[in-house]
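User: I would like to learn how to read a few local features of a model. Could we take them one at a time, with the general idea before the case?

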Amino acid sequence: MTQVLAGQVTRSLAVVVKLGTTQTIAWASSYYLPAVLAAPIARDLDLAPTYVFAALSSALVISALLGPRVGHAIDRFGGRYLLAASNAIFVAGLLLLSVAHGAALLIAAWMTLGIGMGMGLYEAAFATLTRIYGTRARKAITGITLIAGFASTVGWPLTSWLAAEYGWREACQIWAVIHLCLALPLNLSLPRARPLDQASQPVSGANPHGERQSETFAMGVLAYMFAAASFVSSGVSAILPSMLVAFGATPAQALLAGTLVGPAQVGARLLEAGLLNRFHPLLSARLAMLMNPIGVVALIAGGSLFAPVFAVLYGAGNGIITIARGTLPLVLFGPVGFGKRVGMISLPARLTGAAAPLVLGLMVEHMGRSALWISALASVSAFIALLLLRVDPSPSRSVQVGEQHS
């Protein structure tokens with residue numbers, strides 16, 4: 001029995017490492033690419049850098065619209081081949097970007113990358129894990145976010161080095177080779193999807209007013225919460241250094257505070273994997289939504305001295321919410337139909353994430369540092385929305401059922 005359990009743990013760890021690696025590659029070569037390459041691409045194509053970021057926003061919109069269909073496909077067939085197909089599409093988009101000499105090919109390349117993002121980022125990975133592990137997918141979901149949380153930490157320096165040594169076009173081509181030679185085989189080596197036990201489906205650990213809530217109500221609450229969280233995450237990330245400078249920090253202090261965001265995300269995910277894993281993920285999500293408002297109050301009260309505090313709280317909240325994107329729908333609705341539900345819930349979040357940098361940027365331009373209060377109010381409203389979901393006293397009943405059938 002011990003040997004069987006040890007074998008299961010080893011196989012599960014292997015899946016987490018494989019999928020965490022492919023997610024790191026996918027994020028680093030798409031979402032995080034413009035942060036490094038926007039300037040050289042714009043300079044080479046004689047365009048404003050805004051064009052590159054607008055192309056990224058268009059890609060995010062495409063990925064959002066694809067989400068429900070991709071999730072439904074994973075529900076039916078599993079995610080192994082679909083994730084592998086996303087690698088092929090990433091390759092096509094990166095190669096197309098590498099030969100772009102004008103706005104038309106630039107847009108076409110990012111539209112292609114948008115399709116790859118819709119098929120190959122977190123939501124698809126979460127749905128794939130759910131088709132493999134059913135209700136026992138929570139720890140695996142946390143595991144891949146721990147690894148892929150280093151996508152920017154790995155991707156930005158590697159992309160910068162490649163662009164400096166060989167040029168931005170060659171950097172895109174090398175990322176394409178990494179997809180083809182590493183990510184594609186890893187995704188193809190994932191286990192096949194298992195049939196889901198229909199008995200584990202209709203469980204929700206949350207209910208309003210002591211009665212079972214409608215699924216539509218719960219999905220609406222989650223869609224709003226994740227949309228608000230995505231608006232805050234994408235918007236604040238885009239303005240963080242300049243915002244901290246507006247609060248009196250020097251550029252060096254702002255940069256130092258910004259470097260704390262990544263470690264805070266990973267630290268919060270470790271906390272979720274350990275201490276918070278024994279509680280309902282709704283508790284984690286509620287705590288996460290309070291971290292940004294607390295950080296904003298600290299920053300406004302203490303000025304630049306509290307810039308690191310704000311960065312840590314902001315990063316920690318982002319880290320936990322990323323995990324909640326997979327674990328909350330799993331525990332509330334069960335594994336059957338998980339992919340389609342997550343795609344529908346995530347659609348508004350991807351749209352607000354695409355619009356947030358522009359919207360918050362305009363707010364900063366007209367409101368100054370008071371714009372940060374907007375992000376705090378968005379987080380508070382999401383926290384209030386989560387209070388409408390009440391946790392069953394016997395937490396994660398769906399998980400317990402799934403484990404009994406595994």
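User: In which helix is G155 found?

Analyst: This is a predicted model, and in it G155 is found in helix 8, which spans residues 151-166.

User: Is G155 buried or exposed?

Analyst: Buried means under 20% relative accessible area. G155 has a relative accessible area of 0%, and therefore counts as buried.

User: Which residues is G155 in contact with, leaving aside its neighbours within four places in sequence?

Analyst: With those neighbours left aside, G155 is in contact with A28, F150 and W175. As for Y32, it lies 123 residues from G155 in sequence, while their C-alpha atoms are 7.1 Å apart in space.

User: How should I read the crossing of helix 2 and helix 3?

Analyst: The axes of helix 2 (residues 34-45) and helix 3 (residues 49-77) come within 8 Å and cross at roughly 135 degrees, so the two helices are oblique to each other. Their crossing is right-handed. Helix 2 makes the contact through P34, A35, A38, I41 and A42, and helix 3 through P49, V52, F53 and L56; by class, this contact has 9 nonpolar, no polar and no charged residues.

User: What is the phi of D46, and where is D46 found?

Analyst: Most residues other than glycine have a negative phi. D46 is not a glycine, yet has a positive phi of about 60 degrees. D46 is found in the loop between helix 2 and helix 3, and counts as exposed because its relative accessibility is 70%.

Conventions:
Residues are numbered from 1 along each chain as its sequence is written. This is a predicted model: local features need pLDDT of at least 70, side-chain atom pairs count only at pLDDT 80 or more; totals for chains, interfaces and linings use all residues. Side-chain values use heavy atoms; hydrogens and water are left out. Axes are lines fitted to C-alpha atoms, for helices over the stretch in contact, and angles run from 0 to 180 degrees between N-to-C directions. Helices (H or I, at least four residues) and strands (E, at least two) are DSSP runs, numbered from the N terminus. Angles under 35 degrees count as roughly parallel, over 145 as roughly antiparallel, 65 to 115 as roughly perpendicular and the rest as oblique. A crossing is left-handed if the near helix is turned anticlockwise from the far one by less than a right angle, and right-handed if clockwise. Contact means heavy atoms within 4.5 Å. Ala, Val, Leu, Ile, Met, Phe, Trp, Tyr, Cys and Pro count as nonpolar, Asp, Glu, Lys and Arg as charged, and the others, Gly among them, as polar. Buried means under 20% relative accessible area, exposed over 50%, partly exposed in between (1.4 Å probe, protein chains only).
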